[in-house]
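Welcome! Take a look at it first, and then we can walk through a few places together.

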Amino acid sequence: MIRKQKIKPWIYILPALLLLLIILVFPIMYTGYISLTNMNMYHWNDYKFIGVFNYIRALFKFDSGFLEALLTTILWTAINMILQIGMGFLIALGLNSPLLKRLSRIYKTLLMLPWAMPAYISILLWRVGMFNTEFGILNKLLTLLGLSKVDFLGNNIIAFCSCLTLNLWMALPFMISTIDGALHSIDSSLYESAILDGAGFWESTYCITIPAIKPIIAPAAVMTTFITFKQFDIVYLLTQQRGYMTGANLNTVITYAHQNAFVSNNYGLSGAVSILLFVIIILFSIITNRSL
């Protein structure tokens, strides 16, 4: 009887476990298997086992492009997170000032629009409506000011900045809303005591606000870091979409893996890059879970 009771919960969750194995575990294992072969367009059926050659090529062959893509990805993630947390905190502080509290419902609704809008629509709107050399609003403004037009997606540096701007526009509302909610959770009596003790605004912010909201902001920051690190749509749709190549050769790790799989048809190398990305994310997850 006791044995049946122990087995019964496993029977109930068996369909869910099988679904997880099919959807999650099997693709990871199959990608790992492909990464150890020379599977590509020319060896689709007669591919051979080549061991860790694809990993060696990705990590140690400088002209493979992986290390450059990894550096770009780390830089992309670091700059995005610094700006998102810093700007989100300052904007949330400003929106919580007594002058704007009456308008809180309006600005909270407006803040949700960029974040709630489908990413594909937002990226296309910015690509055509903002960054376009001939019809974009930014170049129209530059022309009105008597300045020459700028190709915002023409080379790697300016394309990186353009992608960064768009990502901030899409991601900042979430961070601002999270920090805004955290600020509302702080007991106002703490600030009153600080004022009586002679503390100014910045002293109160440093000694009360930041320590109080840190436990709330940390999980949101970690989650946003993961999303930013493996972001694909912004870089690809702005600079690499077929029929709309801009001249920039900007690659993050995930666009590099996509390029090797679906442009170069080198599935073995793409699989190796995907597994390396998976390992990096797992390691980062372990480190952050210990620190939280």
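Which residues in α4 meet which residues in α7? On the α4 side they are Tyr107, Lys108, Leu111, Met112, Pro114 and Trp115, and their partners in α7 are Trp169, Met170, Pro173, Phe174, Ile176, Ser177, Asp180 and His184. Please keep in mind that this is a predicted model.

**How α4 and α7 pack**

- Two packed helices are described by the angle between their axes and the distance between the axes.
- For α4 (residues 104-116) and α7 (residues 156-184), the axes come within 7 Å and cross at roughly 140 degrees.
- The crossing of α4 past α7 is left-handed.

**Transmembrane regions in the record**

- An unreviewed UniProt entry lists residues 12-36, 74-95, 107-126, 157-176 and 267-287 under "transmembrane region".
- In the model, residues 107-126 are 90% helix and 0% strand, with 22 Å between the end C-alpha atoms.
- Residues 267-287 are 100% helix and 0% strand, and here the end C-alpha atoms lie 30 Å apart.

**Asn132, between α5 and α6**

- You will find Asn132 in the loop that links α5 (119-129) and α6 (137-144).
- Asn132 counts as buried because its relative accessibility is 16%, and buried means under 20%.
- A polar atom of the Asn132 side chain lies 2.8 Å from the backbone nitrogen of Phe135.

- Asn251 sits in the loop between α10 (233-239) and α11.
- With 12% relative accessibility, Asn251 is also classed as buried.
- The side chain of Asn251 makes a polar contact of 2.9 Å with the side chain of Thr255 and another of 3.4 Å with that of Gln259.
- Setting aside residues up to four places away in sequence, Asn251 touches Ala69, Thr72, Gln240, Tyr256 and Gln259.

- The loop between α11 (253-262) and α12 (267-291) holds Asn265.
- Asn265 has 16% relative accessibility, so this residue counts as buried.
- Its side chain makes a polar contact of 3.2 Å with the side chain of Tyr267.
- Beyond its neighbours within four places in sequence, Asn265 is in contact with Met39, Asn40, Met41 and Asn260.
- From Asn265 to Leu99 the C-alpha atoms are 58 Å apart in space, and the two residues are 166 residues apart in sequence.

Terms used
Residues numbered from 1 in each chain as written. Predicted model: local features only at pLDDT ≥ 70, side-chain atom pairs only at ≥ 80, totals over all residues. Heavy atoms only, no water. UniProt positions renumbered as here; feature names shortened; annotations may be inferred. Helix = DSSP H or I, 4+ residues; strand = E, 2+ residues; numbered from the N terminus. Buried < 20%, exposed > 50% of the residue type's maximum accessible area, 1.4 Å probe, protein only. Polar contact = N/O pair within 3.5 Å; in protein donor to acceptor, adjacent residues only side chain to side chain. Axes fitted to C-alpha atoms, helices over the stretch in contact; angles between N-to-C directions. Left-handed = near helix turned anticlockwise from the far one by under 90°. Contact = heavy atoms within 4.5 Å.
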